[in-house]
Amino acid sequence: MKMVNVLEEIAWEVLNEHWDHLDLSCKCEQCKGDVYALMMNALPPRYVTTDAGRVFIKVEFMNEQSLTNVLCQLAKAAEVVAVKPSHPLPKPDVPAVAE
Ligand SMILES: [Zn+2]
């Protein structure tokens with residue numbers, strides 16, 4: 001039996017749609033993954049076992065009100081990663097010391 005959390009697809013689409021406009025000092029794959037993981041931890045999963053169920057939930061999330069929570073969690077997750085990235089950020093303002 002295959003079980004899919006449709007929220008994974010929806011959150012990923014929303015993340016990609018808004019990624020370029022997010023206020024993050026680093027936009028690497030690691031930071032993107034961190035934002036995605038934080039979103040998924042905060043959003044209630046919507047598991048389905050059939051394609052019909054998947055389509056049903058996709059349609060539900062075309063509704064702006066259902067999307068509001070996803071967008072809200074995206075904003076929160078981006079804020080967390082912006083303040084506390086999981087890897088050290090390069091400091092472009094400090095010139096590298098030549099050795
Ligand atoms: Zn990064």
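Of the 99 residues of the protein, 15% count as buried, a residue being buried if 20 or more other C-beta atoms, placed from the backbone, lie within 10 Å of its own, exposed if 12 or fewer do, and partly exposed in between. The structure is a predicted model, in which local features need pLDDT of at least 70 and side-chain atom pairs count only at pLDDT 80 or more, while totals for chains, interfaces and linings use all residues. Residues are numbered from 1 along each chain as its sequence is written.

The protein has four helices and two strands, where helices (H or I, at least four residues) and strands (E, at least two) are DSSP runs numbered from the N terminus. From the N terminus on, these elements follow the order β-α-α-β-α-α. The radius of gyration is 17 Å, well over the 13 Å that the globule rule gives for 99 residues, so the protein is more spread out than a compact globule; the radius is taken over C-alpha atoms, and the rule is 2.2 Å times the number of residues to the power 0.38. Along its principal axes, the C-alpha trace spans about 60 × 30 × 20 Å. Among contacts between residues at least 6 apart in sequence, 87% join residues at least 24 apart, two residues being in contact if their C-beta atoms, placed from the backbone, lie within 7 Å.

Two packed helices are described by the angle between their axes and the distance between the axes. Here the axes are lines fitted to C-alpha atoms, for helices over the stretch in contact, and the angles run from 0 to 180 degrees between N-to-C directions. The axes of helix α1 (residues 6-18) and helix α2 (residues 29-42) come within 10 Å and cross at roughly 135 degrees. Helices α1 and α2 are therefore oblique to each other, given that angles under 35 degrees count as roughly parallel, over 145 as roughly antiparallel, 65 to 115 as roughly perpendicular and the rest as oblique. The crossing of α1 past α2 is right-handed, the term applying if the near helix is turned clockwise from the far one by less than a right angle, and left-handed if anticlockwise. In this contact Glu8, Ala11, Trp12 and Leu15 of α1 meet Val35, Tyr36, Met39 and Met40 of α2. The residues of the contact of α1 with α2 divide into seven nonpolar, no polar and one charged, where Ala, Val, Leu, Ile, Met, Phe, Trp, Tyr, Cys and Pro count as nonpolar, Asp, Glu, Lys and Arg as charged, and the others, Gly among them, as polar.

Helix α2 also packs with helix α4 (residues 64-83), at an angle of about 135 degrees and with the axes 8 Å apart. These two helices, α2 and α4, are therefore oblique to each other, and α2 passes α4 in a right-handed crossing. On the α2 side the contact involves Cys31, Asp34, Val35, Leu38, Met39 and Ala42, which meet Gln73, Leu74, Lys76, Ala77, Ala78, Val80 and Val81 in α4. The residues of this contact of α2 with α4 comprise 10 nonpolar, one polar and two charged.

For α1 and α4, the axes come within 10 Å and cross at roughly 60 degrees; α1 and α4 are therefore oblique to each other, and their crossing is right-handed. The contact is made by Ile10, Ala11, Val14, Leu15 and His18 of α1 together with Val70, Leu71 and Leu74 of α4, and its residues divide into seven nonpolar, one polar and no charged.

Individual positions were also examined. Phenylalanine 56 is found in helix α3 (residues 51-60) and, with 13 C-beta neighbours inside 10 Å, counts as partly exposed. The C-alpha atoms of phenylalanine 56 and leucine 74, 18 residues apart along the chain, are separated by 22 Å. Aspartate 51 likewise has its place in helix α3, but with 9 C-beta neighbours inside 10 Å aspartate 51 counts as exposed. Aspartate 51 and alanine 78 are 27 residues apart in sequence and, C-alpha to C-alpha, 31 Å apart in space. Proline 44 is found in the loop between α2 and β2 (47-48), where it counts as exposed with 7 C-beta neighbours inside 10 Å. From proline 44 to methionine 62, 18 residues apart in sequence, the C-alpha to C-alpha distance is 17 Å.
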